[in-house]
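Reader: Could you please show me how to read a few features of a protein model, beginning with a general idea each time and then turning to the case at hand?

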Amino acid sequence: MATGRATVLVEPNRLETWDVPVPEPEPGGALVRIVLGGVCGSDVHIATGEAGVMPFPIILGHEGIGRIEKLGGIETDYAGVPVKPGDLVYWSPIAACHRCYSCNVIDESPCENSRFFEHAEKPNWGSYADYAWLPNGLAFFRLPDGADPLAVAALGCALPTVLRGFDRCGTVRMGEAVVVQGAGPVGLSAVLVAAQAGARDVIVIDGFDQRLDVARSLGATATISLADSPEERRRKIYDMTGPAGPSLVVEAAGVLPAFPEGVELAGVHARYVILGLWGAIGTQPISPRDLTTRNLTIAGATFPKPKHYYEAMHLAARLQDQVPLAALISHRFAIGDAAAALETVKRGEAIKAVIDPEL
Ligand SMILES: [Zn+2]
Ligand SMILES: [Zn+2]
């Protein structure tokens, strides 16, 4: 049987490169050759074990673009678009069961029986690999003609996450004042969507000048450094937005102190969307009275649905010539260098890192 290489997380903090079998697609599924596997901030938490128990050993990687190698008796993608071997596809990494309360009654994700990772020796859709085996039920979409795989991969699962957040908590309204905490992939995605939606102010806070520059290239109207004190940051934001303050604050910082600061920054009647605290376990003090007196809505969101991957793919393809999306990919690593890829992401040096099996 043919084999392909894969980065296997044998147990927390132990990565190995394995040769794994390349299985035939199952009926309704697809086998793809990976073109790019995105390295996500959450992969760092998964690799250290902070993200909880996984069915170790697992093949890392939940963001991928690949070229169809073989199809399991299907002729269309999950949006009804005809597909054939050789086509580029992008997929939602979470396989929903379609047989549970979340799937069928409340139409929400995550599904109670979601499958994210599979044991490395079983057919597998981890994307730090030569091949991904997409099971029946795992939604994949054909890239539109002319789409640049780099542009679609650039914001990884961050853009679907942001679209999911706005879907759950209310879309960005034209003319509103938006503050984004953090300019990693989630924050940059929020900047892109807010700018495209017609926000008047898109103000970004981050500690790295390089990331703030990138935020400007995606549509941020102003940037604020973490080197300023929280009081200074708030004053600068209110100088720009006026006394009503921001009407939408997006947490994409991934660190707990961002939460009370976001509550402080939110203007009267504002919405505060929490997207980045998935790996930040702990508590923070806020004044609950502020929520009442300022009429605040605070909401979290996670687990993008297939439709958010579909929307993200088309948004990236449409904007690829207007904003420098492909240029966000700052680092590429071979399958065997996944440990270095994770280190680079952990240190905050990469705008976006990818695994490129051709290296
Ligand atoms: Zn389900
Ligand atoms: Zn991701």
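Reader: At what angle do helix H4 and helix H5 pack?

Author: Two packed helices are described by the angle between their axes and the distance between the axes. In this predicted model, helix H4 (residues 158-169) and helix H5 (residues 185-196) pack at about 60 degrees, and their axes are 8 Å apart. Helices (H or I, at least four residues) and strands (E, at least two) are DSSP runs numbered from the N terminus, while axes are lines fitted to C-alpha atoms, for helices over the stretch in contact, with angles from 0 to 180 degrees between N-to-C directions. H4 and H5 are therefore oblique to each other, given that under 35 degrees counts as roughly parallel, over 145 as roughly antiparallel, 65 to 115 as roughly perpendicular and the rest as oblique. The crossing of H4 and H5 is right-handed, where right-handed means that the near helix is turned clockwise from the far one by less than a right angle, and left-handed anticlockwise. H4 makes the contact through Ala158, Leu159, Val162, Leu163 and Phe166, and H5 through Pro185, Val186, Ser189, Ala190 and Val193, contact meaning heavy atoms within 4.5 Å.

Reader: How should I understand the numbering and the limits of such a model?

Author: Residues are numbered from 1 along each chain as its sequence is written, and chains are lettered from A and ligands numbered from 1 in the order in which they are written. As this is a predicted model, local features need pLDDT of at least 70 and side-chain atom pairs count only at pLDDT 80 or more, whereas totals for chains, interfaces and linings use all residues, and side-chain values use heavy atoms, with hydrogens and water left out.

Reader: Which helix does H1 cross, and what is the hand of the crossing?

Author: Helix H1 (residues 41-48) crosses helix H11 (residues 338-346) at roughly 115 degrees, their axes coming within 9 Å, and the crossing is left-handed. Gly41, Asp43, Val44 and Ala47 of H1 meet Leu342, Val345 and Lys346 of H11. Within H1, Ser42, Asp43, Val44, Ile46 and Ala47 are buried, where buried means under 20% relative accessible area, exposed over 50% and partly exposed in between (1.4 Å probe, protein chains only). The cover over these buried residues includes strand S1 (3-11), strand S3 (30-39), S4 and H11.

Reader: What are the donors at the zinc ion (ligand 1), and how are they spaced in sequence?

Author: They are Cys97 (SG), Cys100 (SG), Cys103 (SG) and Cys111 (SG), at 2.3 to 2.4 Å, with the spacing C-x2-C-x2-C-x7-C. Their angles of 100 to 125 degrees make the arrangement around ligand 1 tetrahedral. Cysteine 97 counts as partly exposed because its relative accessibility is 23%, whereas cysteine 103 is buried at 18%.

Notes. Donors are N, O and S atoms within 2.8 Å of the metal (3.2 Å for Na, K and Ca); water is not among the atoms, so sites may look incomplete. Four donors count as tetrahedral if all angles lie between 85 and 135 degrees; four count as square planar and six as octahedral if opposite donors are over 155 degrees apart and all others between 65 and 115; anything else is irregular.
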